[in-house]
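Hello,

Here is the structure I promised to pass on. Please have a look at it first, and then read my notes below.

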Amino acid sequence: MSRIGKLPIVLPAGVEFKNENNVITVKGPKGTMTQKVDPSIKVTVENGQVEFSINEDSPVNVKQKQAFHGLYRSLINNMVVGVSQGFQKTLELVGVGYRVSNQGNILEFALGYSHSIFIMLPPEVKVETKSERNQNPVINLESCDKQLLGQICAKIRSFRKPEPYKGKGILFKGEVIRRKSGKSASAK
């Protein structure tokens, strides 16, 4: 048994939970999400709590059932938190001349390349950019889908990964880059 899988999920007020043919649908004030669950996991709702258990009749091997137990509990928990509270990530552009702006869900980056980089975000993600004088430009991303939000942050970060010598790049707000010293003087 998975320690994570045994924990029940408490449904907050205003969140609807449906389970039809192993397809979970969670609806809340921030949006609606669906997730297919493997038949080796049983999902039950009692007294406003969602509980997960292993289906012993399933032909899947025991190790795989135990892995699915914790996995689907975590995925459904992220869905419940996402539709009720939402997830938020903040990225910061550190570097001379690095800029970002948005028109709707289209982000435009100036990152020291000879061209601008454009990225179109899906409609589930809300974006806000801030550029203040003597401050690094900041991107605030918000969504109900944790996986999608992380994937978009990773894509944006890949345009200019943080580097340890000058500390430049796109990094998460509050992230600390371990700095390296450059070439040291040769001893004679």
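Let me start with a charged pair: K30 and E142 form a salt bridge, with their closest N and O atoms 3.5 Å apart (a salt bridge is a side-chain nitrogen of Lys or Arg within 4 Å of a carboxyl oxygen of Asp or Glu). K30 sits in the loop between β3 and β4 while E142 belongs to strand β12, so the pair ties together parts that are 112 residues apart in sequence. Helices (H or I, at least four residues) and strands (E, at least two) are DSSP runs, numbered from the N terminus.

Before I go on, a word on the basis: this is a predicted model, in which local features need pLDDT of at least 70 and side-chain atom pairs count only at pLDDT 80 or more, while totals for chains, interfaces and linings use all residues. Residues are numbered from 1 along each chain as its sequence is written, and side-chain values use heavy atoms, with hydrogens and water left out.

K30 is partly exposed, at 40% relative accessible area, and E142 is partly exposed at 28%; buried means under 20%, exposed over 50%, and partly exposed in between (1.4 Å probe, protein chains only). The structure holds two salt bridges. In the other pair, E175 and R157 have their closest N and O atoms 2.8 Å apart.

K30 also touches G82, where contact means heavy atoms within 4.5 Å. G82 is found in helix α2 and is buried, with a relative accessible area of 0%.

Three strands form an open sheet in the order β2-β3-β4, with antiparallel pairing (two strands pair if DSSP finds at least two bridges between them). The edge strands are β2 (16–20) and β4 (31–36), each pairing on one side only. Five bridges join β2 to β3 (residues 23–28), and K18 stands opposite T25 in β3.

The largest nonpolar core has 22 residues, of which L107, F109, I139, L141 and I156 touch the most other members. Such a core is a set of buried Ala, Val, Leu, Ile, Met, Phe, Trp, Tyr and Cys residues joined through side-chain atoms within 4.5 Å. Helix α3 gives the largest share of this core, five residues. A second, separate core of 20 residues includes I41, V50, Y72 and C144.

Best wishes

Key: Lists of a residue's contacts leave out its neighbours within four places in sequence.
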